[in-house]
Amino acid sequence: MCIFPNLEAEQARFGYTEEFVAQKLGMTTLEYREHKRSGAFRLPEALVLVEMYGKSMDYLLSVRAG
């Protein structure tokens with residue numbers, strides 16, 4: 001489960017697979033899934049996501065409430 005609904009929505013909107021995004025971030029698919037589940041993105045990874053999706057870091061990494 002991803003705690004970042006906007007990140008998940010943008011990934012789906014762009015049609016990117018987890019494998020593709022993980023490769024762009026320089027990690028394995030398993031690591032990417034864990035980052036999405038735990039919220040453990042580092043600044044360099046977050047900046048790659050911002051560039052990939054053309055959205056702000058605040059938007060992409062806003063946390064699901066509850």
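1. Helix axes here are lines fitted to C-alpha atoms over the stretch in contact, and angles run from 0 to 180 degrees between N-to-C directions. Two packed helices are described by the angle between their axes and the distance between the axes. Note that this is a predicted model.

2. Start with H1 and H4. They pack at an angle of about 45°, and their axes lie 11 Å apart. Angles under 35 degrees would count as roughly parallel, and 65 to 115 as roughly perpendicular, so H1 is oblique to H4. The crossing of these two helices is left-handed.

3. Which residues meet there? From H1 come Leu7, Glu10, Gln11 and Phe14. From H4 come Leu49, Met52 and Tyr53.

4. Next, the largest nonpolar core. It has 13 residues. Those touching the most other members are Leu7, Val21, Leu25, Tyr32, Phe41, Leu49 and Tyr53. H2 and H4 are the elements that give two or more residues to this core.

5. Look at leucine 49. Leaving aside residues up to four places away in sequence, Leu49 touches Leu7, Val21, Leu25, Phe41 and Leu60.

6. Now H3, residues 29-38. Its buried residues are Thr29, Tyr32, His35 and Lys36. Why are they on the same side of H3? Because they cover an arc of only 120° around the axis. An α-helix has 3.6 residues a turn, so residues three or four places apart point the same way.

7. What do the buried residues of H3 pack against? Three helices: H1 (5-14), H2 (18-25) and H4 (43-53).

8. Glycine 39 follows the helix, and its phi is positive, near 80°.

Definitions and conventions:
Residues are numbered from 1 along each chain as its sequence is written. This is a predicted model: local features need pLDDT of at least 70, side-chain atom pairs count only at pLDDT 80 or more; totals for chains, interfaces and linings use all residues. Side-chain values use heavy atoms; hydrogens and water are left out. Buried means under 20% relative accessible area, exposed over 50%, partly exposed in between (1.4 Å probe, protein chains only). Helices (H or I, at least four residues) and strands (E, at least two) are DSSP runs, numbered from the N terminus. The arc is that of the directions from the helix axis to the C-beta atoms. Contact means heavy atoms within 4.5 Å. A nonpolar core is a set of buried Ala, Val, Leu, Ile, Met, Phe, Trp, Tyr and Cys residues joined through side-chain atoms within 4.5 Å. Angles under 35 degrees count as roughly parallel, over 145 as roughly antiparallel, 65 to 115 as roughly perpendicular and the rest as oblique. A crossing is left-handed if the near helix is turned anticlockwise from the far one by less than a right angle, and right-handed if clockwise.
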